[in-house]
Amino acid sequence: MATGQLRVRLFAGLREEAGWHERTLIHQTGMTAATVWTLLNLGGTAPPATVRVAINHEFAALHTPLANGDEVAFLPPISGG
Amino acid sequence: MSSTPLAIPVDVELLATPFDPLQSLAAWQTRLRIESPCIAAAEAHFIGRVRPVTSDGAPLEALELEHYPGMTERRIAAISQALALQHGVAAVFVGHRVGRLKPGEPIVVVAVAADRRGPALRCCQEVLETLKHEAPFWKREWVNGCGHWVAANTPL
């Protein structure tokens with residue numbers, strides 16, 4: 001991924017509600033998963049409490065600052081095994 | 001001076017097509033024998049299969065299992081490694097299906113090798129319970145051509 005961009009991914013029910021699975025955004029200083037959620041009009045001012053955030057394949061807090069080239073994902077409730 | 005704990009052998013397999021958990025276990029045991037001359041005295045195994053009914057009790061047509069490629073494997077490996085160290089076991093194996101499964105098909109196999117049955121059994125159960133909540137998988141139940149995402153795990 002080019003420097004200066006963010007890759008945003010959605011899964012399962014979130015993907016189907018939004019109608020897309022992946023988007024690219026221009027990274028700006030101070031952006032967090034919370035601001036990405038709002039910018040992409042994913043619903044309300046913040047994700048529901050049941051939605052978890054991952055940054056570069058690791059769980060992260062909603063307000064963790066994002067860096068150039070990061071991949072941020074919004075994960076609906078997990079149900080494996 | 002701090003010391004880094006030695007890595008414990010952890011095998012993770014995500015499988016996109018039906019698999020035989022007994023064959024997976026046999027292959028893992030063979031790998032263990034090759035990698036380590038000391039055979040662990042205890043092994044705990046768990047095999048999970050798709051239920052024939054949905055969480056609401058309707059007859060299930062199929063179960064779809066979505067995952068996050070890259071993160072799912074990484075999370076299972078990290079969970080297994082941490083719990084292996086915590087319980088002091090010798091090796092962990094996790095095989096997990098993804099894609100579309102029919103009722104009765106194997107969905108997960110967890111195996112733990114250890115010196116004693118206690119750590120083997122406890123670690124096996126904890127790996128399974130933790131991956132159910134901490135490894136990104138999403139289940140969708142299909143009934144009469146309609147899919148419904150499952151929002152919670154089944155009771156223990």
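## A tour of chains A and B

Start with chain B as a whole: a compact globule of 156 residues would have a radius of gyration near 15 Å, and chain B has 17 Å, which agrees (the radius is taken over C-alpha atoms, and the globule rule is 2.2 Å times the number of residues to the power 0.38). This is a predicted model, in which local features need pLDDT of at least 70 and side-chain atom pairs count only at pLDDT 80 or more, while totals for chains, interfaces and linings use all residues. For your selections, residues are numbered from 1 along each chain as its sequence is written, with chains lettered from A and ligands numbered from 1 in the order in which they are written.

**Stay on chain B.** Its C-alpha trace spans about 60 × 35 × 25 Å along the principal axes. Colour by secondary structure to find 3 helices and 8 strands, counted as DSSP runs numbered from the N terminus (helices: H or I, at least four residues; strands: E, at least two). Along the sequence of chain B they follow the pattern β-α-β-β-α-β-β-β-α-β-β.

**Look inside.** Buried residues make up 34% of chain B; buried means that 20 or more other C-beta atoms, placed from the backbone, lie within 10 Å of the residue's own. Now select Val89(B), Val112(B), Cys123(B) and Val127(B), which touch the most other members of the largest nonpolar core, a set of 53 residues. Such a core consists of buried Ala, Val, Leu, Ile, Met, Phe, Trp, Tyr and Cys residues joined through C-beta atoms within 7 Å. Strand S6 of chain B (residues 106-114) gives the most to this core, with 8 residues.

Which residues does Cys123(B) touch, leaving aside those up to four places away in sequence? Show Leu83(B), Ala84(B), His87(B), Val89(B), Val112(B) and Ala114(B).

**Move to chain A.** Here an open sheet of 5 strands has mixed pairing and the order S2-S1-S5-S3-S4; two strands pair if DSSP finds at least two bridges between them. Strands S2 (22-26) and S4 (58-60) of chain A are the edges, each pairing on one side only. Zoom in on strand S3 of chain A (residues 52-55), which runs antiparallel to S5(A) and is joined to S5(A) by 4 bridges. Ala54(A) stands opposite Ala73(A) in S5(A).

**Finish where the chains meet.** Select the 13 residues of chain A that are in contact with 21 residues of chain B (contact: C-beta atoms, placed from the backbone, within 7 Å). Helix H1 (12-18) and strand S5 (71-75) of chain A each supply at least two residues of the chain A side.

Note on methods: Contact = placed C-beta atoms within 7 Å. Buried ≥ 20, exposed ≤ 12 C-beta atoms within 10 Å, placed from the backbone.
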